[in-house]
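The sequence and the model are shown first, and the description follows.

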Amino acid sequence: MGYSRFDPGVQSRPAWNAGKVVGTKRPLTQKQIWAVRFFLDREGRLRDRALFDLAIDSKLRGCDLVKIKIDDLVSGAEIRTRAIVIQQKTGRPVQFELTADVRASLHAWLGCRGGTKSDYVFPSRVDRAGHLSTRQYARLVDEWVDAIGLRRAEYGTHSLRRTKASMIYKATGNLRAIQILLGHTKIENTVRYLGVDIEDALLLAERTEI
């Protein structure tokens, strides 16, 4: 506990998280993913569609996603089917797949964007040599979820990071695979991140006959 409890000036000040939903953000469902894609396609937002698709497939934190360079994703004239980046938080490499639909949206965006292989995939509008900020990325996610009728307080950038991981976990129950895909150093972090609880464990056990 800090010294603020002794300061009369802050006794009536509300907590920073008063009335806010904090903690784990919800992952998107398949239906919600397609709803966001439909919205972005209808609006002709090539960059945002590529950013959204890459966020889902890569399962990266926002700080790593916005720093991806063209060379990380492109080999020759083609979009790679697999890519690897060094995580800012852990300093360790993490690999991810790029599915056909995601490669198509990236190809469309990069064809419009141009640039060299050393450039960021998603440049800053303020500094063309820099990358999209994590704050702006968070604002975009807020806009996307709001556009399809979801509550901003319940979703965020980590919703996109968790989405595919949650789907894979529900389909396989393989926590070790999810740990590798998310680049977590400890499987306990993966358990907390996915929100795995006793009910999940019992359901998996019930489906396993010996």
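Lys59 lies in the loop between H2 and helix H3 (62-65). The model is a predicted one, and in it Lys59 has a positive phi of about 60 degrees without being a glycine. Most residues other than glycine have a negative phi.

Is Lys59 buried or exposed? Lys59 counts as buried, because its relative accessibility is 1% and the cut-off for burial is under 20%.

## Overall make-up

The protein chain holds ten helices and four strands. Read from the N terminus, the order of elements is α-α-α-α-β-β-β-β-α-α-α-α-α-α.

Of the 210 residues in the protein chain, 38% are buried. When contacts between residues at least 6 apart in sequence are taken, 60% of them join residues at least 24 apart.

## H1 against H2

Two packed helices are described by the angle between their axes and the distance between the axes. For helix H1 (residues 30-42) and helix H2 (residues 46-58), the angle is about 160 degrees and the axes are 9 Å apart. H1 and H2 are therefore roughly antiparallel to each other, since angles over 145 degrees fall in that class. Their crossing is left-handed.

On the H1 side the contact consists of Ile33, Val36, Arg37, Leu40 and Asp41, and on the H2 side of Asp48, Arg49, Phe52 and Asp53. Sorted by class, the contact of H1 with H2 has five charged residues, four nonpolar ones and no polar ones.

## H2 against H6

H2 also packs on H6: their axes come within 12 Å and cross at roughly 95 degrees. That angle makes H2 roughly perpendicular to H6, because the range for this class is 65 to 115 degrees. H2 contributes Arg47, Asp48, Leu51, Phe52 and Ala55, while H6 contributes Tyr137, Leu140 and Trp144. The contact of H2 with H6 divides into six nonpolar residues, two charged residues and no polar residues.

Asp48 and Phe52 of H2 are listed in the contact with H1 and again in the contact with H6.

## The aromatic pair

How many aromatic pairs does a search of the whole structure find? The search finds one. Phe52 and Trp144 make up this pair, with 5.7 Å from centre to centre and 85 degrees between the planes, an edge-to-face arrangement. The pair links distant parts of the chain, as Phe52 is in helix H2 and Trp144 is in helix H6 (residues 134-147), 92 residues apart.

Phe52 counts as buried because its relative accessibility is 1%. Trp144, at 1% relative accessibility, therefore counts as buried too.

## Arg47

Arg47 is placed in helix H2. With a relative accessibility of 11%, Arg47 counts as buried, because the cut-off is under 20%.

Which residues does Arg47 contact, once neighbours within four places in sequence are left aside? The contacts of Arg47 are Trp109, Phe122, Arg125, Leu132 and Leu140. Of these, Leu140 is also listed for H6 in the contact with H2.

## H7 against H8

The axes of helix H7 (residues 157-172) and helix H8 (residues 175-182) cross at roughly 160 degrees and come within 9 Å. H7 and H8 are therefore roughly antiparallel to each other. The crossing of H7 and H8 is right-handed, whereas that of H1 and H2 is left-handed.

Arg161, Ala165, Ile168 and Tyr169 of H7 meet Leu175, Ile178, Leu181 and Leu182 of H8. The contact of H7 with H8 has seven nonpolar residues, one charged residue and no polar residues.

## The loop between E3 and E4

Lys89 sits in the loop between strand E3 (82-86) and strand E4 (93-97). The relative accessible area of Lys89 is 63%, so Lys89 is exposed. Lys59, in the loop between H2 and H3, is buried.

Lys89 and Cys63 are 26 residues apart along the chain, and their C-alpha atoms are separated by 8.7 Å.

Definitions and conventions:
Residues numbered from 1 in each chain as written. Predicted model: local features only at pLDDT ≥ 70, side-chain atom pairs only at ≥ 80, totals over all residues. Heavy atoms only, no water. Axes fitted to C-alpha atoms, helices over the stretch in contact; angles between N-to-C directions. Helix = DSSP H or I, 4+ residues; strand = E, 2+ residues; numbered from the N terminus. Parallel < 35°, antiparallel > 145°, perpendicular 65-115°, else oblique. Left-handed = near helix turned anticlockwise from the far one by under 90°. Contact = heavy atoms within 4.5 Å. Nonpolar A, V, L, I, M, F, W, Y, C, P; charged D, E, K, R; others polar. Phe/Tyr/Trp six-rings, centres within 6.5 Å; stacked < 30°, edge-to-face > 60°. Buried < 20%, exposed > 50% of the residue type's maximum accessible area, 1.4 Å probe, protein only.
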